[in-house]
Amino acid sequence: MTGHTIPEPDIYDSLDGQVALVTGATRGIGAAIARQLVDLGATVYAGARDTADVTASDQRPVQLDVTEESEIATVTDRIAAETGRLDVMVNNAGVFPRSGPLHETATEDFDKTIAVNLRGPTLVTKHALPLLLDSDGGRVVNLSSNLGQFTGGKWRATHPTGSRRLDSVG
Ligand SMILES: NC(=O)c1ccc[n+]([C@@H]2O[C@H](COP(=O)([O-])OP(=O)(O)OC[C@H]3O[C@@H](n4cnc5c(N)ncnc54)[C@H](OP(=O)(O)O)[C@@H]3O)[C@@H](O)[C@H]2O)c1
């Protein structure tokens, strides 16, 4: 490297006073995003199927299986009651069944992938939108997969289908 520095965009300066919800915040990318948002000053609601899996003491764990609309509604109601706002919605929760070609794909795997990777973030966004629209510059971040661009490979039938459709609603 020749001494280049990566400029820090203003958007990352501070999220003080802002509120974020991250789905699938128990591990992996979701846990890292939740940690980063806390570091930037946001109040972070960490979605988890089992809230005991959220170990960060500076986050607010919330019971949130994205396939359960009643849990989604409970979470957004709680955020509205506790903070009155939502600035950042991160749809991170996802599953990755390693299916083969369509004719070898278990219908249950297909249904689960669509439920978690497509229906889930769509409904979470639906319930979050009233709060996001009230915020000055509310943002929705959808984690998808470049596998959505492919029709071949290891995840041939199931994962690309969910990802491509999520791209289309994001
Ligand atoms: N890792 C990659 O290389 C990669 C590449 C492209 C895109 N992505 C995308 O990035 C996101 C996160 O990937 P990752 O690698 O961090 O995944 P991961 O380590 O497998 O974590 C998945 C997260 O989703 C949660 N989850 C699964 N089903 C759920 C449900 N029904 N309701 C709520 N939460 C649920 C899991 O919760 P539990 O702890 O309860 O299981 C976990 O917190 C995914 O959307 C994925 O498509 C990842």
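Mentor: Let's start with strand β1 (residues 19-22) and strand β2 (residues 43-48), which pair in the parallel sense over four bridges. Strands here are DSSP runs of E with at least two residues, helices are runs of H or I with at least four, and both are numbered from the N terminus; pairing takes at least two DSSP bridges between two strands. Look at V22: its bridge partner in β2 is A46. Residue numbers count from 1 along each chain as its sequence is written. Keep in mind that this is a predicted model, with local features needing pLDDT of at least 70 and side-chain atom pairs counting only at pLDDT 80 or more, while totals for chains, interfaces and linings use all residues.

Now zoom out a bit. β1 and β2 belong to an open sheet of five strands, ordered β3-β2-β1-β4-β5, with parallel pairing. β3 (60-63) and β5 (139-142) sit at the edges with a single partner strand each, so one side of each has no neighbour in the sheet. From one strand to the next, the twist averages 20 degrees; angles run from 0 to 180 degrees between N-to-C directions, using axes fitted to C-alpha atoms, for helices over the stretch in contact.

Helix α3 lies across β1, β4 (88-91) and β5, and runs at about 180 degrees to β4. α3 (residues 107-134) also packs with helix α2 (residues 69-82), at an angle of about 20 degrees and with their axes 9 Å apart. On the α2 side, the contact is made by E69, I72, A73, T76, I79 and A80, and on the α3 side by L123, V124, H127, A128 and L131. Contact means C-beta atoms, placed from the backbone, within 7 Å.

Definitions and conventions. Contact = placed C-beta atoms within 7 Å.
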